[in-house]
There are 4 protein chains.
Amino acid sequence: MTDFHDAPELAVSDWFNTPEPLTIAGLRGQVVVIEAFQMLCPGCVSHGIPQAQRVASTFGSDITMIGLHTVFEHHDAMTPVSLEAFLHEYRITFPVGVDEAAGAGGMPVTMRRYGLRGTPSLLLIDRAGQLRVNAFGQVDDLVLGARIARLIDEPVPDVDAG
Amino acid sequence: MTDFHDAPELAVSDWFNTPEPLTIAGLRGQVVVIEAFQMLCPGCVSHGIPQAQRVASTFGSDITMIGLHTVFEHHDAMTPVSLEAFLHEYRITFPVGVDEAAGAGGMPVTMRRYGLRGTPSLLLIDRAGQLRVNAFGQVDDLVLGARIARLIDEPVPDVDAG
Amino acid sequence: MTDFHDAPELAVSDWFNTPEPLTIAGLRGQVVVIEAFQMLCPGCVSHGIPQAQRVASTFGSDITMIGLHTVFEHHDAMTPVSLEAFLHEYRITFPVGVDEAAGAGGMPVTMRRYGLRGTPSLLLIDRAGQLRVNAFGQVDDLVLGARIARLIDEPVPDVDAG
Amino acid sequence: MTDFHDAPELAVSDWFNTPEPLTIAGLRGQVVVIEAFQMLCPGCVSHGIPQAQRVASTFGSDITMIGLHTVFEHHDAMTPVSLEAFLHEYRITFPVGVDEAAGAGGMPVTMRRYGLRGTPSLLLIDRAGQLRVNAFGQVDDLVLGARIARLIDEPVPDVDAG
């Protein structure tokens, strides 16, 4: 009855701003917003990250905001040590996971699972764990606000029947 | 069962960008977004009007976007003749009504009916004709997108029973 | 010895923000910055006017900042009455002259004398009364700051010998 | 006869975008603009670096634009490896030097010599090698354009007599 697919599970090697790892499975029942970024990607710094911060402050506990550091270039330049300082300097307080590296450089695991085309990318996952939006580049705030509101308003699925 | 009130009727002396006058009564069943502005109000020109244009292009026929020129100061400077040139220069294509003047200067009729505090003001009216948002000043796009989406998703009321 | 031409005299029908009319001749010895604008020109409101205000506040008495309302379209919409309200709302405090209308509509007198291509246009006149810059559209602040500083630093000509 | 001081010499451990190291002594006779920044300082990324790029493209060979990476916090996060990727991603093509670390963390050598208060800081050095501007935080483009133009227009000193 639907064309949506289950959102792939996250593969994360390090977490920041969360006491314990987050999983797509564990977030079933919640609306999940994922901002996939690289700390040295200009479009992420000027657009994606500020928008993620606005989403987090606007929708609060109605959504779960997650940052995903999907390093697919300059791997030595964007280590978790550098990311931690970046999160501190840019005052990012939502959970951020480091996408698991896949062998020698190249695209990390989660990025490949979701078929991301680059950074920034914005992912919206509904309460049933389905991937509903996978947008590369700039997303308009009006459009995003509408999409998130509608996902929030969808009924919580019967988890046992999931 | 509800705290919302019926949106007061518009009192408009001149219309632009519409072949015939619009009324709140006649728009029953539709989501109506009204941008109340003055053409010489800097905050309207830099924020309110561009946001109204984004709303119109983003939501298209899912809403009815209306501009309301609520002149409460410098009346001689913001006549319909000046407004028409303003609409042309700023490429405003949604319907715009001139709020009816009330005697010698001061606050025009519709502005008073809605209790607007100034310009820009944003009004959201639901499909049942109820005033749901009356916001003075800057409104965030994420918040606005969410509010409009939710009004769009509300069921169309049984007009006969209205 | 120079390719510069004397700046044409202003033809102004109304002045605002000045106790007496200003003339190019009377400003000999000073660096004059003229912002030619129309109050309903979007590029003037978003770029030209704010830049003129920055120039006035940055260079203070080292220059004479003048606004010139060069109405070449929508004449009935941009009368001196409307302009006065515009100047009040946008808090423009430097002298502004209304370019003298030339017959039935069309390009006003000063605009034609200077060969302006449209609005906004920025004019720089040196201490000797010569037109040194006549720029249509957006001018970069770094470039403009440099040009103005150099004109300020030019020696004051011997007026008697002018 | 002057209150200006000689600009301290640079202490740089790594250079990017230049075939050989630059020194204040070697740049005698030129106007030098130095943007002191940290790659993870938000104000540097949003304001200082873009302004430095505008200065470089506006004034070209009339000045020597230098970036100085003055890391005084998060040292492990902003290594030369990370900086190199940053310069690539942000398309910074003017020479950038890494300010020499001083022992275990803390303020680097050049930063201390110049008494910088933080990042971004903008330094202007005249043709005689004197420090003329040492500005912390945001600098206005109009003001900066004027300052640089005036330094460019100062006579080249007799280097032998320096």
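Mentor: Gladly, and keep in mind that this is a predicted model.

Trainee: How do you know that the length of helix H1 of chain C agrees with its number of residues?

Mentor: Helix H1 of chain C covers residues 42–59, which is 18 residues. The expected span is 1.5 Å times one less than the number of residues, so H1 of chain C should span 26 Å. Its end C-alpha atoms are 25 Å apart, which agrees.

Trainee: Where in H1(C) does a kink lie?

Mentor: At C:Gly48, shortly before the proline C:Pro50, and the kink is about 35°. That angle is taken between axes fitted to the seven residues ending at a residue and the seven starting there.

Trainee: What makes a residue of H1(C) buried, and which ones are?

Mentor: A residue is buried if 20 or more other C-beta atoms lie within 10 Å of its own. In H1(C) the buried residues are C:Cys44, C:Val45, C:Gly48, C:Ile49, C:Gln51, C:Ala52, C:Val55 and C:Phe59.

Trainee: What do the buried residues of H1(C) pack against?

Mentor: Within chain C, they pack against strand E3 (32–37), strand E4 (64–69) and helix H4 (141–153). From other chains, helix H1 (42–59) of chain B and helix H4 (141–153) of chain D take part.

Trainee: What is the pairing of E3(C) and E4(C), parallel or antiparallel?

Mentor: They run parallel, joined by six bridges. Two strands pair if there are at least two bridges between them, and six bridges are found here. In one of these bridges, C:Val32 has C:Thr64 in E4(C) as its partner.

Trainee: Why are E1 and E2 of chain C said to stand at the edges?

Mentor: The open sheet of seven strands has the order E1-E7-E6-E3-E4-E5-E2 in chain C, with mixed pairing. Strand E1 (5–6) and strand E2 (12–16) each have a single partner strand, so one side of each is left without a neighbour in the sheet.

Trainee: How do you know that a two-fold axis relates chain A and chain D?

Mentor: A rotation of 180° with 0.0 Å of shift along its axis superposes chain A on chain D, with an RMSD of 0.0 Å. That is the relation of a two-fold axis.

Trainee: And why do you say the copies meet through the same surface?

Mentor: Because 100% of the interface residues of chain A are also interface residues in chain D.

Key. Residues numbered from 1 in each chain as written. Chains lettered and ligands numbered in written order. Predicted model: local features only at pLDDT ≥ 70, side-chain atom pairs only at ≥ 80, totals over all residues. Helix = DSSP H or I, 4+ residues; strand = E, 2+ residues; numbered from the N terminus. Buried ≥ 20, exposed ≤ 12 C-beta atoms within 10 Å, placed from the backbone. Contact = placed C-beta atoms within 7 Å. Least-squares fit on C-alpha atoms with pLDDT ≥ 70 in both.
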